[in-house]
Structure formats: structure tokens, C-alpha cells
Amino acid sequence: MSIIPAQEKVFMVSNDTNTTYGGSAALQAMNQWYTMQDIVDTIGNVDVYSYEIHVSQVDGNDTTGTGALLNPVASITKALTLVTEQRRVIVLHPGGYTENPTVSSGNVTIQTTELTGGNTVLYGTLTIGTAGSGARISGFSMNNLAITGTAQAYVSNCTINTNLTKSSSGYVEIINTEMQCTGGIQISGSNITLINGNKNVAISVSNASAQVIIKGCNSVVTPSASAGNLAIVDCIVTALGGNAITITGASTNLTLANSQVLVQAGNNVAPISVAGIYSIFNTIYDKPNSSLTGTSTDSIDYFQFVNADRLLMQNGTAPSVSLTGGGILYVEAGALKYRGSSGTITTIAAA
């Protein structure tokens, strides 16, 4: 970073603004003595990282701040008013921000240098509306996040403590974000919501056109859906007493694949309740105590590619449809049975 201003004067530093020095008249005409404060003031207003808007709750100022690296503003709300066509990256420095900012310009980035916002916290609600579509937020903690209208949004490496609402009809992607939402996660908007990695608590889906995909999470706590499509893949699903997953509505779809469904202590399997359409693949759960009451013939529940020295199978109910080109092995009332592709049921071993 250069400290030579545009007119190419050389900064000569002194504690005294009246300092003189020897040399030719030409050299004295080219140069000028500055105090250290002169230099700080000048650099603070130079366009360093000119496409960034810097925010510091600790030493920023919303009245005199320009958003420059050495002259930050104090609030996210103020920073959002400084967004221009080229200046769209807001950098948050550590601190606690008590405000409720709304992103109202498209394709804005709000970021920190932290992984999950341990030292940078928004004590309020961040709203991304239609005008703020395409927003990307990363690296800080917040109380609430609201995505509304038709907004698309991309969230990564954040912590959401209280509530996430997605009522927008836009695509939303949430990567490696810890959502310990004590008030839950409400997906009432349509389109795709992708949640990949980390933890989420009490997600609920209520839009028939919603497609919610949860993948690779170490803890998915009591998810539910009353409409739409919910897919849980490569996850650990946790119950807080009762059913770990609750699906209502005959047309609501659940896909549960390559996952474990456990009680809160993690030492036993937990039941699920599904009144809609389900596709359950290679998932361990408490099937005898589960309620799978969906009547659709499209529902299926099976393990595939088992490689073990012994196979433990829980009691289930006889499948109502056949598997084209294959067969279904199951246990009913303690007896091992097989249903072939033509619908013939054979008892292999009595109870």
C-alpha cells in the first residue's frame, strides 16, 4: 500500500508541522512535511480496497465514516446505504451489532474473516428481500435470518441462534451453517432450499411446491413437513422424545437415505411418523414403533447391498406392491418372507 498521494509529494514525518530542513529549493518545493496524524488522516480516506465497505462496531462512525479500511462505518445498516454498482462487498469486523438490517440491493456480500462468527454477532434480524436477491452472507452469528419475496440467497459458515424463516420463492443454499434455532426453521416458500453440513433444529416445511434437501448434517433435530418434499440424505436425525420425523398430509413426500435415526442420547434408534409418501433407503430407525400410514403405492422402504456376517430385521408389514424385476425380503410377525415380482409371497422361515 503506497502512502504517496496522487500529486506525488513525499511524506516527510515530523512531530512539528513547522519543521524545516536543508536542501535545494527544488527539493523543498516538491516535498512537504507532515505530522503522523496528517498521514493517518490521509490514508484513512484513500481508496484502499475500494470495492469493500468496512464496518466496525468498536471504532467505526456512521456520521464521519466512509467505509474505507481505516475509516469504517459503525453499523451494517449504514454500510448497506453505501452499496453501489461496483462496491458490493461489506466486511464486518469483530463486535456486537444491535440492529435489524435489510439487504435492498442485489448481489451484495456480507462477510467476515471468521469461520462461524464467534466474535462477530448480529443481535437482531437480517432480512433479505426481493430487491436484495443474490445476497451472500458468510462467517458471522445472528439471532434471526428472514428470506422473503422472491429472493435468492446463499449462506455459508454462519450461526443462526433463534429463527430462520424462508418465505421466498427463490433458491436458497445454506452451507456449513450451525442453526441452533430455538424458534425453529420455517420453510413456507416454494422452490429449492439446500442445507449442506453442520446442524439444524426443528425445520418445518409447509409449502406444496417446496423442495428441501438436507445433506451431510451431523444432527438434524425433529424435522417435519406438512406439505411439499423433504429429503434427508447422509445425516444423523435426532429425536427429542417421541418421533424423530413427523410427516403429515397424504401428498407430502419424505426421502430418507443412508441415515441413522436416533434418540437424543444417541444410544438407540428412534421412531418416525409418516402419513405421506415415503422412500426410505439404507436407513436405521425404530420401525416397530414407527407409524407409516401413507397409502400411496409409490412408497418403499428397503436396505440395499447388505454386506455383513449376520442380518437383523425388525418386524414390518407385508408390502402391498411388487418390485418390478426384483423381490422384497421382509419379516412379518416374526416370520421371514419374500414377495416376488409377480406378487407371490413365500414364507422362508416360520416365526
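User: Is N198 buried or exposed in this model?

Analyst: This is a predicted model, in which local features need pLDDT of at least 70, side-chain atom pairs count only at pLDDT 80 or more, and totals for chains, interfaces and linings use all residues. Residues are numbered from 1 along each chain as its sequence is written, and side-chain values use heavy atoms, with hydrogens and water left out. Buried means under 20% relative accessible area, exposed over 50%, and partly exposed in between (1.4 Å probe, protein chains only). At 19% relative accessibility, N198 therefore counts as buried.

User: Where does N198 lie, and what is its phi angle?

Analyst: N198 is placed in the loop between β16 (191–196) and β17 (199–201); strands (E, at least two residues) and helices (H or I, at least four) are DSSP runs numbered from the N terminus. The phi of N198 is positive although the residue is not glycine, with a value near 70°.

User: What is the phi of N157, in the loop between β11 and β12?

Analyst: N157 sits in the loop between β11 and β12. With a relative accessible area of 26%, N157 is partly exposed. Its phi is also positive in a residue other than glycine, and lies near 55°.

User: How many helices and strands does the protein have?

Analyst: The protein has 351 residues, of which 41% are buried. Its elements number 3 helices and 33 strands.

User: Which residues have the most contacts inside the largest nonpolar core?

Analyst: A nonpolar core is a set of buried Ala, Val, Leu, Ile, Met, Phe, Trp, Tyr and Cys residues joined through side-chain atoms within 4.5 Å. The largest such core has 60 residues. The residues with the most contacts inside the core are I90, I110, L145 and I214.

User: Why is the aromatic pair of Y154 and Y171 called tilted, and not stacked or edge-to-face?

Analyst: A search of the whole structure finds 1 aromatic pair. Rings of Phe, Tyr and Trp (its six-membered ring) pair if their centres lie within 6.5 Å; planes under 30 degrees apart count as stacked, over 60 as edge-to-face and the rest as tilted. The ring centres of Y154 and Y171 are 6.1 Å apart and their planes meet at 50°, so the pair is tilted.

User: How many residues apart in sequence are the parts that this pair ties together?

Analyst: Y154 belongs to strand β11 (residues 153–156). Y171, which is partly exposed at a relative accessible area of 22%, belongs to the loop between β12 (159–166) and β13 (172–175). The pair therefore ties together parts whose separation in sequence is 17 residues.

User: Which residue lies over the face of Y154?

Analyst: A charge sits over a ring if NZ of Lys or CZ of Arg is within 6 Å of the ring centre and within 35 degrees of the ring normal. At 4.1 Å from the ring centre of Y154, the residue over its face is R136.

User: How many disulfides are found, and how far is the sulfur of C217 from the closest cysteine sulfur?

Analyst: A disulfide is a pair of cysteine sulfur atoms within 2.5 Å, and a search of the whole structure finds 0 of them. C217 is buried at 3% relative accessibility. The closest cysteine sulfur to that of C217 is in C235, too far for a bond, at 4.5 Å.

User: How far apart in space are P101 and L80, C-alpha to C-alpha?

Analyst: P101 is found in the loop between β5 (95–97) and β6 (102–103), and it is buried, with a relative accessible area of 1%. Among the residues that P101 touches, beyond those up to four places away in sequence, are I76, L80 and L122. P101 and L80 are 21 residues apart in sequence, and their C-alpha separation is 8.1 Å.

User: Which residues does G60 contact, leaving aside its neighbours within four places in sequence?

Analyst: G60 is found in the loop between β3 (52–55) and α3 (76–81). The C-alpha atoms of G60 and P72 are separated by 4.7 Å, although the two are 12 residues apart along the chain. Beyond its sequence neighbours within four places, G60 is in contact with P72, V73 and A74.

Notes. Contact = heavy atoms within 4.5 Å.
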